Amino acid sequence: MNDNDNLWKLIAAGDLLPAEDLLELQSEFIRNPPTHQDLLKWLVGKTAITGYHAKVFEAGHNGPFQYGDYQVQERVAKGHFEGGFFAKHVASKHPVVLSFFSGDDVDLRWKSLNRAAIACTQFASPYIVRCFEAVDTGEFKFMVLEDFRSKPLTEVLARTGHLKPKSACDVIRRIGLALQTIHQTGNVHGHVATKNVWVAENGNAIKLFLDPDYQFVPLITTHQDSSIGGGLVDYSAPELAGPNSHPDVLTDIYALGCLFYELLVGKPPFPIGDVQERIQQHATQRVKPLENLGYDKKLAQFVYFMMAKD
């Protein structure tokens, strides 16, 4: 038995292709039997398998490639879901992202995540990165999310410094509509920030992201005081600094105002100081006037209205 024979066995065991498709590929390939590496390249070129599948077969493994109703296609190499998988729903061929969860506390976290995921299936909006379901196969636990190839708005601002008023208004309109969808279901987001606004790779789509392991927390009315210091203080309404506080519709609007200000100016309203100092500034100080930077008075008043302290 040669290497190609072993590879065909691995591919069959990987359960990536229907048996009849596999037989057709074998008969097409048999006329010119190259090395095993060439076989895998040939299969990738035929789109019968992906580059990730080829690497797994090359290493002598047959998977796993199937997780519940989903078949993995490629590893996510960077970004928030790094280490997860681009995948497809086997029956519908719909592209998704699988984000896996592990760790000593995974069972405890999973109960909350599963409840949150069920709530988030209600959020049918073109301006929200969709969560489709939480899956527990017994051996693996993962969330199924929309395959939205994008980058966080923080990367855009790092390159451009700030956005022009028209572009900033467009971002805020879309994120405002996303929040409206969430609020109409009786939930809140609770973590509005540039890192959770994602821009499509072609720049044409902008969506609000809800992190399956963190951003969902407010949806089950469990507030963690440590979240104030988790990079979100720049968007945190003053009342969230109090004991037993939790996000609500108004704190989402305040955070949206802070986001708007940052898009126009290129930095958050109160960027200087440690966490406690910035919390105090949010509670007691006015932002530097946008009019002094040349922005229209009506636009500035709209930002101030969203960031009103009472």
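**Strand pairing and aromatic contacts in the predicted model**

In this predicted model, strand β3, which spans residues 85-89, pairs in the antiparallel sense with strand β4, residues 95-101, through four bridges. Within this pairing, Ala87 is placed opposite Val96 of β4. The two strands belong to an open sheet of six strands, arranged in the order β1-β2-β3-β4-β6-β5 with antiparallel pairing. The edges of the sheet are formed by β1 (66-67) and β5 (131-136), each of which pairs on one side only. Helix α4, comprising residues 51-58, lies across β2 (70-75) and β3, and runs at about 90° to β2.

The structure holds 18 aromatic pairs, one of which is formed by Phe85 and Phe100 in an edge-to-face arrangement, with 5.9 Å from centre to centre and 80° between the planes. This pair links distant parts of the chain, since Phe85 is located in strand β3 and Phe100 in strand β4, 15 residues apart. Phe85 is classed as buried because its relative accessible area, 4%, falls under 20%, whereas Phe100, at 27% relative accessibility, counts as partly exposed.

Technical notes. Residues numbered from 1 in each chain as written. Predicted model: local features only at pLDDT ≥ 70, side-chain atom pairs only at ≥ 80, totals over all residues. Heavy atoms only, no water. Pairing = 2+ DSSP bridges. Contact = heavy atoms within 4.5 Å. Axes fitted to C-alpha atoms, helices over the stretch in contact; angles between N-to-C directions. Phe/Tyr/Trp six-rings, centres within 6.5 Å; stacked < 30°, edge-to-face > 60°. Buried < 20%, exposed > 50% of the residue type's maximum accessible area, 1.4 Å probe, protein only.
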